[in-house]
Amino acid sequence: MCGKRSKWVVLALWLVAIVLMAPLAQKLTDAQDNDNASWLPGDAESTQVLQISEDFRPEQLPTVVLYVRDGGLTEADKAKITDDVAAFKGLTAHGIRGAETQGPFDSEKTPAAAAQVFVPITMDEKGWEEIAPAVDELREVAGEGTGGLKIYMTGPGGTTADFSEAFEGIDSTLLFSAMAVVIVMLLITYRSPSLLLVPLLSVVGALFTAQAIIYLFAEHAGLTVNGQSAGILTVLVFGAGTDYALLLVARYREELHRHEDRHEAMALALHRAGPAVLASGVTVMLGMLVLLFAEMNSTNGLGPVAAIGVAVALLAMLTLFPALLVIFGRWIFWPVIPHYDTAEPTETGLWARIGRRIAVRPRAIWAATALVLAALSLGLMQLRAEGLSNADAFTDTPDSIVGQRVLEEHFPAGSGDPLYIVTAAAQAEAVGRAIADTDGVVDQSIGPVPGAEQEQDGRILLQATMDSPSDSPAAKDTVERVRAAVHAVPDADAQVGGNTAALLDMDEATTHDNILIIPLVLIVVLLVLIVLLRSLIAPLLLIGTVVLSFAAALGISALAFRHLFDYAGETTDFPLFVFVFLVALGIDYNIFLTTRIREETMRHGTRRGVLTGLSATGAVITSAGLVLAGTFAALATLPMVAFAEIGFAVALGVLLDTFVVRSVLVTSLFLDAGPKVWWPHRMAREEPPAKVAVPSQGGERVPQE
């Protein structure tokens, strides 16, 4: 990658790839699949109902147009509503099925203070992309309301439109946010305005290439990509790619002090740092691919998307990035240019001093550190990973949420978002009675779905409205009762779906995924560490520190969400995503540190190897941690609580891992364990020298036992 001629070949190949891939990368947004099925668990009852109901009618989201006037609707209001309904019935653009408009339905109070109209919108293969324009058109017809009449767009259509707008521009928002963070951190780290361009260009090239490859897989291999996975891809490529760049630059700078020929210096830097970067990338990829075992389609699809992104970032940082560095030469480091002077940068500095202090009483330090982390993990008792209602899912309060609250004051809270029940037509009456006898269901709401075919293959599609908000725990309890009731009807083969049923099934699937995926990721990471370090003790210690770090990060985050940000709770998949990102990415720093420790141990023994490894990698790992934390914190720029929580928890966990776990806990554990940390490798049987030269505070080499 760094030969005098081959560097130009590498650059040319990447330029060709980027030119060819850039147009395809721009199409990734169009290839996203944001329909309901792309988020649901594949075999869940609600998913099956969703698929079966398409035989009766296209997948639809009803938008509730709510008219409200304090004190009662006037005759002028009612005339306007009648005119609006007539206008709604003539709409067809953006999937609006105006001819199937239902209503108006007045509230039961006298005089009626509210009326609601249901306008169905067809969901196409792109999911929610057409929902926001459709709701905007309904709003244009209805207006904003005047003279005390208030008009709201709510129900499933209104809420989905607000979700769609929250995700709108997610790729560009995260791209520019992550880019800004990387630029600032690289300026602080490198203190060179010219050097930061090389990793930035490499990462952007990697992102475009990864997006293009994922687009091709989505179009031709059935890979599911949605707004969530596309957004996380940007953060992951920027964070991981910049981390690898920082490690390689640090090692390259070291070698430039020792070698006059920059090509030779880069060759040695790749030879020595390359295995750690490769092992780190492979660990992240394997950790992400474990998500393929998830039941949730959205989680399942994230695995290969993230793995492809990391693979391309890894390839770019091991080929394009070093080639660019060698092409530009030493001047790219201006104004702090590393000269050939045989200086030893690992023997002095902050991290060398920290290592010496830890070495005085390593056992006391790791015990105290572990105790503090364990205490912080007690905050887990404040974790409420039970799902978020629509109202709690936004960092602000959009129109649909305000409308839903007003709707609940005048109509059954589940209006506009019913349960859908598929059953044998012959048993439809018995199933209807079973539903009517279930607590939480509005009796008069049970019947065939308007606009649907009456019967398909001996089956019929029914609907029922609940008296609780469709995203509430009470509504989920109602779904469980309805399912139990209709499943008990002989020969009905009845199944219950709808948005509330989908939320319930998602909660159950995510609980399953948490129990399955978290241990699998730990096993994968452990196996990679065993192969990399050729040891059993060191990997087990590292895994223990990772678990402790994760628990502490989650505990602190839970306390912050409750008492600082006042979030109502967390999504059920929050612990899983935080764990996967923290373990797969956080283990990078342990790999960077321990591979350097192992390299130095083979030359100087374990004690000096640990101290030299810490002092040599301390600055670069700290910089990498700050960059990665900053890129994940960019998720907080989105107006979605779930993204903000993941961004905060991962950023916090990375900082905790960088400044406490890797620098203090791992270092003190390795120093206390001594050569035994490498068991069963032959290094565990090393005979330590009687005296080991360790740099003193003043930089002098002082022999120590």
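Rings of Phe, Tyr and Trp (its six-membered ring) pair if their centres lie within 6.5 Å; planes under 30 degrees apart count as stacked, over 60 as edge-to-face and the rest as tilted. The model examined here is predicted, so local features need pLDDT of at least 70 and side-chain atom pairs count only at pLDDT 80 or more, while totals for chains, interfaces and linings use all residues. Residues are numbered from 1 along each chain as its sequence is written, and side-chain values use heavy atoms, with hydrogens and water left out.

The structure holds 15 aromatic pairs. One of them joins Phe-561 and Phe-565, with ring centres 6.4 Å apart and planes at 45 degrees, so this pair is tilted. Both residues belong to one aromatic cluster, formed by Phe-561, Phe-565, Tyr-567, Phe-574 and Phe-648. Phe-561 has a relative accessible area of 1% and is buried. Buried means under 20% relative accessible area, exposed over 50%, and partly exposed in between (1.4 Å probe, protein chains only). Phe-565, at 35% relative accessibility, counts as partly exposed.

Helix packing was examined next. Two packed helices are described by the angle between their axes and the distance between the axes. Helices (H or I, at least four residues) are DSSP runs, numbered from the N terminus. Axes are lines fitted to C-alpha atoms over the stretch in contact, and angles run from 0 to 180 degrees between N-to-C directions. Helix 10 (residues 262-289) packs against helix 21 (residues 574-604) at an angle of about 155 degrees, and the axes lie 9 Å apart. That makes the two helices roughly antiparallel (angles under 35 degrees count as roughly parallel, over 145 as roughly antiparallel, 65 to 115 as roughly perpendicular and the rest as oblique). Residues of helix 10 in the contact (heavy atoms within 4.5 Å) include Arg-272, Ala-276 and Met-288. Helix 21 contributes, among others, Val-580, Phe-581, Asp-588 and Glu-599.

Arg-483 lies in helix 18 (residues 473-487). At 9% relative accessibility, Arg-483 is buried. Leaving aside neighbours within four places in sequence, Arg-483 is in contact with Glu-45, Ser-46, Val-496, Ala-501, Leu-504 and Asp-505. Gly-630 is found in helix 22 (residues 606-633). Gly-630 counts as buried, at 15% relative accessibility. The C-alpha atoms of Gly-630 and Tyr-215 are separated by 27 Å, and these residues stand 415 residues apart along the chain.
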